[in-house]
Amino acid sequence: MTKHRPLWIGLAALVLLPFVMRALGLSTNTASQIVCLAIAALGLNMLVGFTGLTSFGQSAWFGIGAYAAAISQKHWFAGQLAAPILFSIAFVAVLSCLVGLLILRRRGVYFALLTLAFAALTYAVAFRWTELTGGEDGLGGLSRGGFSPVPLDNGNVYYAVLALVALGVLYALLRVTRSPFGHVLVAIRENQQRATFQGYDVDRYRLAVFVLSAVVPWLPVAVRAPLYARWSSFALNPKYVRPIALWPRRKTLVEEYGCFCYTAGFVVLSLRGYLPWRALAVWYAMMSAFLVLHFARAIVNHGYGRFHHTTTLEAMVADARNVTGHPVLSELWAPLAVRYHALHHLFPRLPYHSLPAAHVRLLKALPADHVYRTTNNPSFVSALNRALAHRRREARQEAR
Amino acid sequence: MQVFFLLEQVVNGLVLGGYYLLIALGLSLIFSVGGVVNLAHGAFYALGAYISLEIAKVLGFGAGAALSPIAVALLGMLFERFLLRRFYAADPILSLLVTFGLALIVEQAIRMIWGAAPLPASMPAGLKGPVILGEFMFSRYRLLLLAVVAVVLAGIWFLIHRTSFGRVVRAGIQRPDMVAALGIRLQPYMTTIVMLGVGMAALGGALFAPITVVHPAMGAEIIIVAFVVVVIGGLGSFWGVVLAAFLVGVVRGVTIHFVPAAGEASMYVLMFLVLMFRPRGLLGERIEKFE
Amino acid sequence: MIDKKAERVSGPSAGRRQLLQGGVAGALALAFPAIVRSQSDKIKIGHLTPLTGFLGALGEYAVMGIKIATEEINKAGGVMGRQLDVMTEDSVNPATASTKAQRMLDQDGATVLMGEINSASAKTIMQVAARNKRLFLQVGARSDVLRGADCNRYTFHVDIPVTVMVNAAGQALLRDGLVKGKRYFSLTADYLFGHDLAKGVKNFFTANGGSQIGDELIATDVTDFSPYLLKIRQARPDVVASNLAGNQVTNFVKQYAEFGLSYPIAGFNLNTADAWAAGDGNLAGIWPTVWHHELDTPGSKAFVAEFRRRYGKPPENHAWIEYVSLKIMAQAMNATKSTDTEKLIAYFESQAEFDILKARKGYFRSWDHQLMQEAYPFTVKPKGQAKDKWDFLQFGTAVPAPNQPLELIATTKEQNTCKM
């Protein structure tokens, strides 16, 4: 009984509220508003009460969620209730994650000030972006929709539905605070340093509770680590794992932010109409083609065959490749004699434009069985085949 | 010609910044010395305006502007003695909340005493009119305001950096325990600083009354700007606040020139950026208590 | 055995049972407010007006005005022998206004609704009125669309709309040669009313040979106009038009005087409260008003005297308009001998005439429900002539002239797309 006491108290309060409102001369409508505000306060309690993060920005999330639901109902889901609410939850989750990633870098009073600035900024934007939010006039003409056969226009029915939602939220948050996650939050509030010493990734928890207080648990952080370790665009070897001990470093964070801004910039320009979508597609295709060519060229130019073995000088020389044929066609994929890669490995300081002449001289001077001659291939395709065949052979060997 | 228009907005922004400085400097002083965030600063600004109007009815505009800061400073003394003193050693968040509550109470009190309708406030006719320098136009009154701000700024700087009073204050900012160990009671210095800060806000209110609407919520309008300026400049830095005040004024003016709709939002974006990348402010010092 | 089991059947203990029974009974009692509230014999009217925000000062005057009217009517015996109960509340913003209006109709027993100054709030209350099929006497909001594209048959409008204000001031401007061939620069309040005003002004100038060279949208919370004043100077217009509202006009006018710009100002919306707040020596230009306290009619004078006696200051036009609105409502109820919305609508639509304390009587035009009445342009007295801080305004003669129809300055069927 005492274990679920908050639930019983909540249930009693929800049942009594409309009657108390009537007695005070107010309406069920007011009771509904009180329930909405209570849900918002529950969220704030997670942030302030359980984690010790004083935030002045809760009103901003209240407003953003409301506008998201209203605008989505106006433009996409006319007359419905569930779809705008789900959209609003998702929207706020994503946005709060992004904002949280920014704001949670600071602590204490600076964090509180940042939330204050965020709230003021949100107000200013909502007030002035009249085309989207209606500005001073607000957004009218919204409907409550309904779950048939239950119409929600009736104030009492609407209140009953709200009360159920509130009870659900209360139950969910109760479970969260009783969970290990919740206990870590309290630990962070009490003594953040100690929590860190205990091995908890405090930043991740703070971000999670920030988002939770905005809406719903959402942990894209789980994706970031594997992305860094394995799925980088420039990794050629699928077996390679970048050591996580070195991450996240300042350099990586700068790269991530920069990448995000760059990509987001393109998307925003396209959405605003300054950049046609085709330009975006063409750019992406070009970049992909360039990358593919680059990878292929890397495979062609190098053997990549000597990863884990100790090796001799001769073997090292043989590991790189020259592509000697098709002088004109080769300029397309390897301008400036980049195709003489084995020679380049032999003499790194020799400028690229001298490589063809050097290659000819070496061929004249070296004996017929010199390892250098094994590095020559007549064409791009043959070199590629050779490299891939070599990889297949190695894989079979390792499998045995 | 476009460049010239932009330049004019920049210069106007500087003048406006001078005005923000008066309010923000008081806030920053109270913050540096006491470590408390005084969100009731705007309330004193509003009181300064209202009291100056009352005095001006009998003694004229000049007397109103001169005497009102003194009256409000006395109120500030009471405020410090009975309210602020309890929060020097406490969590900074508490002082934020308490002064926020006080600001609301003062606003409602003003509404009850003077009514919700805006009061008429005028400057003497001799101070009205433009000053044309070449192609630039300034308001004569605002230049006067800027002059007053400059004098006040010089006075405060002199007080803090060249007098023995200021020496104790600066020591108190850096190492309050050491000052106490040397046998100097910091309390009277704190009270004086609060009176000075609050008096400056009142002076701002009295001087700005003729060119803005004098209504109960005027305190709330100005506290946000003052706050933004102090945070950008750096909690605890004298020159930081000066720099930030002019920066905010100029940024606002430039934004209005290009995108009028974003004028008011521009300073919040600025504050956000500064807090993100340099939370201590442009010229502020690191304060452990706030991290 | 069976008996023992029966004894041990669990259920609430005696104490808890009593508590539950008592609680349920009490809750049931509270759930029927009709029983809790004694049936009264009063006619309840739901009254909403902004008491906070940038229109709050005007709302204060509105409440003062309607109080005088309520007391006068009740002292004279009430309406149909019953006393009037005007329930006044702060409408705050459009969303709260509609919530409160709905509540007043549902729970507080309001028979009809009236009031409002903010155009956006008035719009939401109009929707509530239409949904519930009850009369809404819209008193002080001036936006054109309320009588135009968004009109509905349950709402009647008392205050003059934007177009009439533009026409009233515009006639004076035309006379002074400030329209034909002139270029104007405007500052517009960035909300429903401001946009409406800007459109009306543009139409008037274009129709009379003027042109617009610039327009700046000003958010309703802007207090410092210096960047905009610089922009005005950079544009060098012939006329500066103010399409602002509430205390923003005051602010703008004060700073305009501070910078000492020389371009003539024309304003198309100004309440006398805002004019007084600007102060002697700051206000300039030509402005329209729906009524003023120096109007030379017996009814006006009596009202002004009573207001002065009670509150120590002259009434503002919003006080006057709430006063006459309640009187209009009372007259309609007395004439139809009912509070039924349909009967009242029929009465108003019959273009019955009302004494609105002006030289000519007013009536509601049947196709757009707008009260037809005179308006007045005003300007500022030369310096030093004001007797007190309310006396520096110079009011002009009524528009339209006595021999012209009242509909002359009203919107035409081409301008007004209202269809009910």
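Predicted model: local features only at pLDDT ≥ 70, side-chain atom pairs only at ≥ 80, totals over all residues.
Let me begin inside chain B, where the axes of helix α3 (residues 61-82) and α8(B) come within 7 Å and cross at roughly 140 degrees. That angle makes α3(B) oblique to α8(B), and their crossing is right-handed.

Which residues of α3(B) and α8(B) meet? On the α3(B) side they are B:Gly64, B:Ala65, B:Ser68, B:Pro69, B:Ile70, B:Val72, B:Ala73, B:Gly76, B:Met77, B:Glu80 and B:Arg81. Facing them in α8(B) are B:Met190, B:Thr191, B:Val194, B:Met195, B:Val198, B:Gly199, B:Ala202, B:Leu203, B:Ala206 and B:Leu207. By class, this contact of α3(B) with α8(B) consists of 14 nonpolar, five polar and two charged residues.

If we follow α8 (187-208) of chain B to its end, we come to the loop between it and α9 (218-233), and in that loop lies B:Ala209. Is B:Ala209 buried or exposed? It counts as buried because 28 other C-beta atoms lie within 10 Å, and the threshold for that label is 20 or more. Setting aside residues up to four places away in sequence, B:Ala209 touches B:Ala49, B:Ser52, B:Leu53, B:Ala121 and B:Val214. There is also a pairing across the sequence to note: B:Ala209 and B:Leu119 are 90 residues apart along the chain, yet 9.3 Å apart in space, C-alpha to C-alpha.

I turn now to the nonpolar cores. The largest has 259 residues, and those with the most contacts inside it are A:Ala117, B:Tyr20, B:Ala24, B:Ala226, B:Val229 and B:Met271. The element that gives the most to this core is α5(A), with 14 residues.

Next, the contacts between chains. Between chains A and B, 17 residues of chain A are in contact with 16 residues of chain B. Which helix gives the most to the side of chain A that touches chain B? It is α5 (residues 108-128) of chain A, with 13 residues. That side of chain A has twelve nonpolar, two polar and three charged residues.

Between chains C and B, 31 residues of chain C are in contact with 30 residues of chain B. On the side of chain C, the elements that give two or more residues are α4 (56-75), β7 (211-218), α10 (226-235), α11 (247-259) and α12 (272-278). Of these, α11(C) gives the most, with eight residues. The class division on this side of chain C is twelve nonpolar, twelve polar and seven charged.

Helix α1 (residues 2-34) of chain B packs against α10(C) at an angle of about 150 degrees, with the axes 10 Å apart. The two helices are therefore roughly antiparallel to each other, since angles over 145 degrees are counted that way. The crossing of α1(B) and α10(C) is right-handed. From α1(B), the residues B:Phe5, B:Glu8, B:Gln9, B:Asn12 and B:Leu16 meet C:Ser226, C:Pro227, C:Leu230 and C:Gln234 in α10(C). This contact divides into four nonpolar, four polar and one charged residue.

Technical notes:
Residues numbered from 1 in each chain as written. Chains lettered and ligands numbered in written order. Helix = DSSP H or I, 4+ residues; strand = E, 2+ residues; numbered from the N terminus. Buried ≥ 20, exposed ≤ 12 C-beta atoms within 10 Å, placed from the backbone. Contact = placed C-beta atoms within 7 Å. Nonpolar A, V, L, I, M, F, W, Y, C, P; charged D, E, K, R; others polar. Core = buried A, V, L, I, M, F, W, Y, C linked by C-beta atoms within 7 Å. Axes fitted to C-alpha atoms, helices over the stretch in contact; angles between N-to-C directions. Parallel < 35°, antiparallel > 145°, perpendicular 65-115°, else oblique. Left-handed = near helix turned anticlockwise from the far one by under 90°.
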